[in-house]
Amino acid sequence: MDGELVPWDQAKIHISTNALHYGSAVFEGIRGYYHEGEIYVFKLREHIRRLIDSARIVMLRNRYTERELVDATILTLRENRYSTNVYIRPIIYAGENVMTLDIAEVPVRAAILTFPLDKFFKKFGLRVGVSSWRRLPDTSMPPRAKAAANYLNSMLATREARMAGFDEAILLDQSGFVSEGPGENIFLVKDGVLSTPPASSAILEGITRGTVMTLARDLGYQVVERQISRVELYTADELFFTGTAVEIQPIIEVDGRAVGDGQPGPVTRRIYDLYQRVVRGQEHRYRSWLTPVYGR
C-alpha cells in the first residue's frame, strides 16, 4: 500500500475514502500461474499500462511509473511465497475526503493485493441469459477504462442473471448489439470464423481478448471484429467468454437455447488448451508474455 508491504489484516483505508463513496478508482485483474516451482505472471506490463491509462482517462493523479508498479507486484508475490496459481489486483483510488466530486485535491492512493485463485467458475460450460440492463455507453462513462464505478452496471446484470437461474449474463450495447459479459469479452464461432464485438460496442478491450485473437490466428482461424446481433447468439456453432479471471469459458446455452450440441465446441477447446500451455510457460513462442516471479 503506497509503496510499503502491509500485512493483510492491517491493510485498511479510512471510512472517508472518496473511492468508497463515489467509485473513484481504477483497477486491474492479473493472473499468475504456478508451474514447476515458478509463478509466471501473464502479460503483467500490458495490465499495468492499462491501469495507468485508466487512471489518465478518469483523471486520477497516479504518481507511480510502470516500472515501479511492475516491481511492486513481483515483490508482493515473492514475499508471500506462493506455490499456487494467484490473482493480482492493483488499484489506484481517490483517498480521504468524502465531500467532493472534484478529485483534483484528493490524495491518490495505490495498492496491490494478491491471493490464491484457481478457477473462477467451478464448471466448464455456462448457461447464460441476455440481460435487460444495457452496457454503459461511452457517451456517459468510459468503458475502455477499467474503472470501479463502471462495475455497478456489471453487478446489476450479474444479480439479474443469477436470480433467473443463469450462470452469467450477456449485455447488449445501446444499439441492441452484443457487447460483453459483466466481466468478460465474448467470441462467436460460425463456420470456423471467430467474431467478437468491436470497441464501438462499448466493450473493455480485454487483454485476454487480444491474446485469444492472436492465438486463434496463429492456429489458422479467421478472426473478425464486428457488430453481432442478439439472434446470432442463438444460431452460433460455439460461443465463449474470455477474461483474466474466467480465462476461456465455453457458453453452452443462451436464453434457454443450446449452443451447437450443448457441449464445449472443438474450436473453443483447441484455443483453451493452447492458452493453458502458454500461460504456464510451455509454449516458448509466447514466453515474452510471461514475467517469472522467482527468476527461473
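**Ground rules.** I number residues from 1 along each chain as its sequence is written, and my side-chain values use heavy atoms, with hydrogens and water left out. For this predicted model, local features need pLDDT of at least 70 and side-chain atom pairs count only at pLDDT 80 or more, while totals for chains, interfaces and linings use all residues.

**Strand β7.** I looked up β7, residues 168-172; strands (E, at least two residues) and helices (H or I, at least four) are DSSP runs numbered from the N terminus. Five of its five residues are buried, meaning under 20% relative accessible area with a 1.4 Å probe, protein chains only. I checked both faces: E168, I170 and L172 lie on one side, and A169 and L171 on the other.

**Neighbours of β7.** I count strands as paired if DSSP finds at least two bridges between them. Strand β6 (residues 126-134) runs parallel to β7, with four bridges, and V130 stands opposite I170. Strand β8 (residues 178-180) is antiparallel to β7 over two bridges, and there L171 stands opposite E180. The β7-β8 hairpin has five residues between its strands, and G176 takes a positive phi near 90°.

**Crossover.** I noted that β6, α4 and β7 form a right-handed β-α-β unit: with the strands pointing away from the viewer, the path from the first strand over the helix to the second runs clockwise.

Key. Buried < 20%, exposed > 50% of the residue type's maximum accessible area, 1.4 Å probe, protein only.
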